[in-house]
Amino acid sequence: MRRLSAVLLVAVAVAGCKKSEPPAAAPPAAVNAMEAQVAPPSASLKGKVLERLDAPPYSYLKIQSGKEEVWAAVPKADVAKGAEVTVLNAMPMANFESKTLKRKFEVVFFGTLEGSAPAAQAGAPADMPASPAGMAQQHAKAAQGPSNVGDVKVPKASGADARTVAEVYAQKGALKEKPVTIRGKVVKFNPGIMGKNWVHLQDGSGKAEKQDNDITVTTQDMTSVGDTVLVKGTVRVDKDFGAGYAYPVIVEDATLSK
């Protein structure tokens, strides 16, 4: 894995030098602190498919590339074991966890199969990025802040785990890796990025200038901007998704209900 490790280190190092332009308005905390960064794609990967794991919207392929075995993720594709494939514009993601597969990959390369049309493949959602760069741009878009939904005033949830958005920020050290319940309004929703749906939640607590009024939530559930939802998930602190994507506070593996 020496060559692949070197590729990953170079990609992440370059990503640290390329930051997206900040939004014109003052961004909320979970967004502003991330400062989305996009790692450049590596060279294409070529080799024989040793194993395929389907986890829509992706197929994970274990590929014998030269003397090395590597994992690549591509839009869901019917690829037979033993097939020779080329994964174009492969973008490395370190320590990527697939919730569907319940498995963490030390390194997985997101790309597209040569000759495929990702958006049209069966099982791939309409908003599936057409390339790893497109996927990264979509993720960066999720970091650009909430939609304008007017004044937000949502009553705090009940129960021992209940917190306002501002309280999660204020108590992040004590809440790390603990369950939390938040009631809030969905002010931004980006589905199907890195196998997750990304929600920006506000409840009227906190202040934009203090960067504690908006929190990012990852979930497999669907919702829409403007919905008031009850979020139950786990607080993660200094969460790094690799390739420059990092959050100081995020609520993960959440369930949403109304």
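# Barrel, cores and aromatic pairs in a predicted model

Me: Which strands make up the closed barrel?

Reply: The closed barrel has 5 strands, in the order β1-β2-β3-β5-β4, and its pairing is mixed. From one strand to the next, the twist averages 40°. Two strands pair if DSSP finds at least two bridges between them. Axes are lines fitted to C-alpha atoms, for helices over the stretch in contact, and angles run from 0 to 180 degrees between N-to-C directions.

Me: What kind of model is this, and how are residues numbered?
Reply: This is a predicted model, in which local features need pLDDT of at least 70 and side-chain atom pairs count only at pLDDT 80 or more, while totals for chains, interfaces and linings use all residues. Residues are numbered from 1 along each chain as its sequence is written, and side-chain values use heavy atoms, with hydrogens and water left out.

Me: How many helices and strands are there?
Reply: The protein has 5 helices and 10 strands. Helices (H or I, at least four residues) and strands (E, at least two) are DSSP runs, numbered from the N terminus.

Me: What share of the residues is buried?
Reply: Of the 258 residues, 51% count as buried. Buried means under 20% relative accessible area, exposed over 50%, and partly exposed in between (1.4 Å probe, protein chains only). The accessible surface of the protein is about 12000 Å², and 51% of it belongs to carbon and sulfur atoms. These areas come from the Shrake-Rupley method with a 1.4 Å probe; for residues, only the protein chains shown count as cover.

Me: Which residues have the most contacts inside the largest nonpolar core?
Reply: They are Val168, Ile182, Ile215, Val231 and Val251, in a core of 20 residues. The elements giving two or more residues to this core are α4 (165-170), β6 (179-193), β7 (196-202), β8 (215-219), β9 (228-242) and β10 (245-257). Apart from this core lies another, of 16 residues, among them Tyr60, Met93, Ile193 and Ile250. A nonpolar core is a set of buried Ala, Val, Leu, Ile, Met, Phe, Trp, Tyr and Cys residues joined through side-chain atoms within 4.5 Å. In soluble globular proteins, nonpolar side chains tend to be buried together.

Me: What does Ile182 touch?
Reply: Leaving aside neighbours within four places in sequence, Ile182 is in contact with residues including Val165, Val168, Leu201, Ile215, Val231 and Val251. Contact means heavy atoms within 4.5 Å. Among contacts between residues at least 6 apart in sequence, 61% join residues at least 24 apart.

Me: And β8: how many of its residues are buried?
Reply: In β8, 5 of its 5 residues are buried. Ile215, Val217 and Thr219 point one way from the strand, and Thr216 and Thr218 point the other way. β7 and β8 run antiparallel and are joined by 5 bridges; Thr216 of β8 is the bridge partner of His200.

Me: How many aromatic pairs are there?
Reply: The count is 6 aromatic pairs. Tyr58 and Tyr60 form an edge-to-face pair, because their ring centres are 6.3 Å apart and their planes are at 70°. Rings of Phe, Tyr and Trp (its six-membered ring) pair if their centres lie within 6.5 Å; planes under 30 degrees apart count as stacked, over 60 as edge-to-face and the rest as tilted. Tyr58 is buried at 3% relative accessible area, and Tyr60 is buried at 2%.

Me: Why do Trp198 and Tyr247 count as stacked?
Reply: Their ring centres are 5.8 Å apart and their planes are at 25°, so the pair is stacked. Trp198 lies in strand β7 and Tyr247 in strand β10, so the pair ties together parts 49 residues apart in sequence.
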